[in-house]
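What follows is a walk through a structure for someone who has not seen it before. Please look at the sequence and the model first.

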Amino acid sequence: MNREQVAAQVKQILGEKIIAFHQKSDRRIFLEVQSGDILEVTRILFHDLKARFHIASGVDTPEGIEILYHWAFDACNCVLTVRTKLDRNKPEIESCAPLYKAMEWIEREMWELLGIQFKNHPDLRHLLLKDDWPAGKYPLRRDYLPEAANGQKINLPADEAKNE
Amino acid sequence: MSKRSIIPIGPYHALQEEPEFFKLHVEGEKVVGLDIELGYNHRGIEKLSESKHYDQTVFLVERICGICSTSHPIACVQAIEDAGDIEVPERALYIRSIIGELERIHSHMLWLGLAGHFLGFNTVWMWAWRHREEVLNVFELITGNRNHYAMMKAGGVRRDIKAEDIPTIKKMVADLKAPLTLFKKTVADDPVIQARTKGVGVLSAQQVIDYAALGPTARASGVKIDVRRDHPHAAYGLVDWDVITAQNGDVFDKAVVRILEMFESIRIIEQCLDKLKTVTGSVDSNPKEVKPGEGVGLYEAPRGEVFHYIRSDGTNRPARHKVRAPSFMNVITDREAVIGHTVADATIILAAVDPCYCCTERMAAVDVYSGRRVFTAADMIKCSQQKTAELRKKLGAHGPKLNIA
């Protein structure tokens, strides 16, 4: 399967599910799907198209919280990124970990760092942060303010750079 | 029902470089479960990276790991170049590959030495680390540093390799072949190493696919993936080399794959050095800005694929920088590989994926019912080394032959 075939096949199989398609270069494809379709899209990419999961990146943007699922097509030097947008006030999505074990840890990471709820995750608990991390504080959100143990605000290097 | 105990290994891991916490669930000698806890080394690098400009970002990610310290920078600059459509001069690509492959050799040697130590072959450990020093000497010659080479930047590399240094570097690299051949023979011929590693910690090809495991961990199970071949970057598409695979997925095959890979690395380095004689010009395209966009950078680190994602909003800082190290995908496979083995074997199985080494030795086994300490860190390694000693006695062997001329 070469790169053109991958792009064509992905378009054909996913069909209506794709709400935006962008071929950035011949080796990089970005597409967007509804968050409700993610389980089916993951199943198709993993089982039918035999793609390999790189990782997922969660991004906090002004429009909402984005999850980017990066997939590798190793046979043809192509990286496919599936984008889905979640409501910032109630970020919730179906967990793909029961389908694909490789997603188990990254979903735990996105849950604790960005506050995305993964429904039906087999083992949703802290991965990187300490077990008694305060609920409702998500360090990778844009509005997160780090606090010292005494409750005082800590200046991040980013804030200092802005003030300069 | 037999009594189940939990052996906590960590948080400062006696065997591996990162503080990670393994809880071995054992019934008698047999391991029946594994719980892995991470996060003792979480430094918030992704968040920190958003406050750095692109040149600083590369230095920051170089500090993620002390052993594969050029893997993250290569993946990171490639992500920046991908996002901003930045060209890289051909000469810089060869230099990137040379640095990357030298690093693979010293990283694999470090692992080989440790694996030897855990099995009770301290001679292998001493010799592997002695010859690793020679690789670091090459680094010192090229970059001025023995570790953290600071060579990568978006658009090229920071230092050129001088023409007059090439013969010296070639000689130093060629001199590595003799000790590598020695290690190859030691692992292949020694009956005790085979008895300790063959059929131990097996990961099937299907498990590799299910967990998306990477690097030598995947290739030892017969899954032929290597980002250097599959997604050519740096100079890997321009030189001739082979992807090494093995079939059994046990600790032995993981060692074999790593040893044979070092020979391929030498092949790559030699070809790249030859190319440097004819490919001349600048080593840096000196990009002035990174235009808005998204980019992905892949690099095959010694442990497997490193993945970087960069989103640029047109400013001089990344709007989002995602980093995924190979151990993130590989360590979780331990929970499949370790089940059913003995505690003595767990030591080497947990080390076999080569999870990324620098921590204090502190390990304790606690009887969950009485809370009494039954094992210490030293006991755990002793336990593994003892097994080797017993095997050695049984087989009448006397350990690896290391006849150094």
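In this predicted model, L180(B), L182(B), F183(B), T186(B) and V187(B) are the buried residues of helix α7(B). They share one side of α7(B), because the arc they cover around the axis is only 155°. K177(B), A178(B), T181(B) and D189(B), on the other side of α7(B), are exposed. The helix itself runs over residues 177-189 of chain B and has 13 residues. From its first C-alpha to its last it reaches 18 Å, close to the 18 Å expected at 1.5 Å a residue. What do the buried residues of α7(B) pack against? Their partners are four helices of chain B: α4 (90-119), α5 (122-143), α8 (191-197) and α12 (251-278).

Helix α12(B) also packs with α6(B), which spans residues 166-174. The angle between this pair is about 170°, and their axes are 11 Å apart. Since angles over 145 degrees count as roughly antiparallel, α6(B) is roughly antiparallel to α12(B). On the α6(B) side, the residues that meet α12(B) are I166(B), I169(B), K170(B) and V173(B). On the α12(B) side they are I266(B), I269(B), E270(B), L273(B), L276(B) and K277(B). Sorted by class, this contact has seven nonpolar residues, three charged residues and no polar ones.

Two residues in loops of chain B have a backbone feature to look at. H148(B), in the loop between α5 and β4 (152-153) of chain B, has a positive phi of about 55° although it is not a glycine. A212(B), in the loop between α9 (205-211) and α10 (215-219) of chain B, is not a glycine either, and its phi is positive at about 50°. Are these two residues buried or partly exposed? H148(B) has 16 other C-beta atoms within 10 Å, so it counts as partly exposed. A212(B) has 26 other C-beta atoms within 10 Å and is therefore buried, as the cut-off for a buried residue is 20 or more.

The last topic is the meeting of the two chains. Here 27 residues of chain A are in contact with 25 residues of chain B. On the side of chain A that touches chain B, at least two residues each come from β2 (28-33), β3 (52-61), β4 (64-73) and α4 (157-163) of chain A. The largest share, six residues, is supplied by β3(A). By class, this side of chain A has 17 nonpolar, five polar and five charged residues.

Technical notes
Residues are numbered from 1 along each chain as its sequence is written. Chains are lettered from A and ligands numbered from 1 in the order in which they are written. This is a predicted model: local features need pLDDT of at least 70, side-chain atom pairs count only at pLDDT 80 or more; totals for chains, interfaces and linings use all residues. The expected span of a helix is 1.5 Å times one less than its number of residues. A residue is buried if 20 or more other C-beta atoms lie within 10 Å of its own, exposed if 12 or fewer, and partly exposed in between; C-beta atoms are placed from the backbone. The arc is that of the directions from the helix axis to the C-beta atoms. Two residues are in contact if their C-beta atoms, placed from the backbone, lie within 7 Å. Axes are lines fitted to C-alpha atoms, for helices over the stretch in contact, and angles run from 0 to 180 degrees between N-to-C directions. Angles under 35 degrees count as roughly parallel, over 145 as roughly antiparallel, 65 to 115 as roughly perpendicular and the rest as oblique. Ala, Val, Leu, Ile, Met, Phe, Trp, Tyr, Cys and Pro count as nonpolar, Asp, Glu, Lys and Arg as charged, and the others, Gly among them, as polar.
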